[in-house]
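Here is a friendly briefing to read alongside the model. Please have a look at the fold, then follow the points below.

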Amino acid sequence: MNLAWCLDSGNVDGTRGGAEITMDTFKAARPENVNLVGIATADVVVFGNCTQFTAKLIPELMGKRVVRYHHDLGHAGDPTLNRWLDDNAEHIFTSPLHRERYSVTWHPQGEVRVDVIPPAMNLEAFRPPRQVRRHGKREGTCAVGSWQNPGKGGEMIADWALRNKVEVDVFGPGPFVPVGPYITLRGEVTQDDLPEILWGYDRFIFLPTAPEPFGRCVVEAAEAGCEVITNDLVGAKHVLETDPKSIRTAAEDFWSLLCD
């Protein structure tokens with residue numbers, strides 16, 4: 001199968017967020033019979049985030065199978081391209097919450113295919129090794145995020161820390177990072193360093209005020225052995241409670257759908 005992979009190059013500051021990490025993990029798991037090509041010679045076109053693409057692509061997409069893996073709830077980017085994808089692509093969402101909160105309602109008798117497949121994740125990297133499980137010391141509460149908007153819940157974390165008089169170590173950049181008397185800012189952290197950081201904490205807290213389509217940090221923290229404090233606005237919470245196996249089979253399920 002010849003497949004074109006259409007994905008934004010990353011954040012404006014050069015960093016790669018959860019969407020890019022997810023798509024990189026999916027791509028790395030592709031079967032040997034899947035060849036990555038340009039749109040012109042592709043049988044299937046996959047879109048991740050597509051804010052850097054325009055409606056000029058639409059003529060090239062006509063007649064091809066187009067699959068969109070959603071990472072967000074909104075329609076950032078070219079509105080004409082987004083409308084075309086809503087009407088013509090197959091859609092994959094990260095969680096049932098994500099699918100329910102997406103701002104398009106498809107007709108129940110329509111031909112648009114809609115599936116739910118969680119992000120592909122390297123969970124093995126977050127599972128504490130035997131030595132850490134036996135001899136590691138866990139203490140305290142942490143929060144990790146890219147605090148780029150108020151919906152990430154920085155203010156809620158600061159309020160929780162104040163009400164419970166619990167110190168919270170906060171990792172990650174952004175203008176909406178939690179601030180308060182019980183908050184200690186620990187700076188940025190790389191994805192490679194995150195597992196070892198989580199192994200040192202008892203609790204992980206994530207309290208968004210806007211729906212979080214998935215929230216991979218919640219799964220990573222749970223896999224690392226932290227008690228997770230979160231709320232019902234997090235798609236990953238629903239998946240962990242109802243179908244945790246789907247997180248481990250995400251890459252396999254993604255490629256099974258594409259190769260169907």
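Val37 is partly exposed, with a relative accessible area of 26%; here buried means under 20% relative accessible area, exposed over 50% and partly exposed in between, using a 1.4 Å probe and protein chains only. This is a predicted model, in which local features need pLDDT of at least 70 and side-chain atom pairs count only at pLDDT 80 or more, while totals for chains, interfaces and linings use all residues. Residues are numbered from 1 along each chain as its sequence is written, and side-chain values use heavy atoms, with hydrogens and water left out.

**Around Val37**

- Val37 sits in the loop between β2 (35–36) and β3 (44–47); helices (H or I, at least four residues) and strands (E, at least two) are DSSP runs, numbered from the N terminus.
- Not counting residues up to four places away in sequence, Val37 touches Asn2, Leu3, Ala4, Trp5 and Ala42, where contact means heavy atoms within 4.5 Å.
- From C-alpha to C-alpha, Val37 and Trp5 are 7.8 Å apart in space, although 32 residues apart in sequence.

**The chain as a whole**

- The protein chain contains 11 helices and 11 strands.
- Its radius of gyration is 19 Å, close to the 18 Å that the globule rule gives for 260 residues, so the protein chain is as compact as a globular protein of that length. The radius is taken over C-alpha atoms, and the rule is 2.2 Å times the number of residues to the power 0.38.
- The C-alpha trace of the protein chain spans about 60 × 35 × 35 Å along its principal axes.
- Of the 260 residues in the protein chain, 46% are buried.
- Take the contacts in the protein chain between residues at least 6 apart in sequence: 64% of them join residues at least 24 apart.
- The protein chain has an accessible surface of about 13200 Å², and 49% of that belongs to carbon and sulfur atoms. Such areas come from the Shrake-Rupley method with a 1.4 Å probe; for residues, only the protein chains shown count as cover.

**Nonpolar cores**

- In soluble globular proteins, nonpolar side chains tend to be buried together.
- The largest nonpolar core has 23 residues, of which Leu198, Phe204, Phe214, Val219 and Ile247 touch the most other members. A nonpolar core is a set of buried Ala, Val, Leu, Ile, Met, Phe, Trp, Tyr and Cys residues joined through side-chain atoms within 4.5 Å.
- At least two residues of this core come from each of β7 (141–144), α7 (194–198), α8 (216–223) and α9 (235–242). With 4 residues, α8 gives the most to this core.
- Val219 is in contact with Met121, Leu123, Phe214, Ala236, Leu240 and Ile247, leaving aside its neighbours within four places in sequence.
- A second, separate core has 18 residues, including Leu7, Phe26, Ile92 and Ala250.

- Helix α8 is mostly covered, with 7 of its 8 residues buried: Arg216, Cys217, Val218, Val219, Glu220, Ala221 and Glu223.
- Gly235, Ala236, Lys237 and Val239 are buried in α9, and the cover over the buried residues of α9 includes α4, α8 and α10 (245–248).
- Ala161 belongs to helix α6 (residues 154–164) and is buried at a relative accessible area of 0%.
- Leaving aside neighbours within four places in sequence, Ala161 is in contact with Val166, Val168, Tyr182 and Ile183.

**Ser95**

- Ser95 is in the loop between β5 (90–93) and α4 (96–101), and counts as buried at 0% relative accessibility.
- The Ser95 side chain reaches the backbone oxygen of Pro213 at 2.5 Å.
- Not counting residues up to four places away in sequence, Ser95 touches Val116, Pro213, Phe214, Gly235 and Val239.

**Cysteines**

- The structure holds 0 disulfides, a disulfide being a pair of cysteine sulfur atoms within 2.5 Å.

Methods. A polar contact is a pair of N or O atoms within 3.5 Å; within protein, one must be able to donate a hydrogen and the other to accept it, and residues adjacent in sequence count only if both atoms are side-chain atoms.
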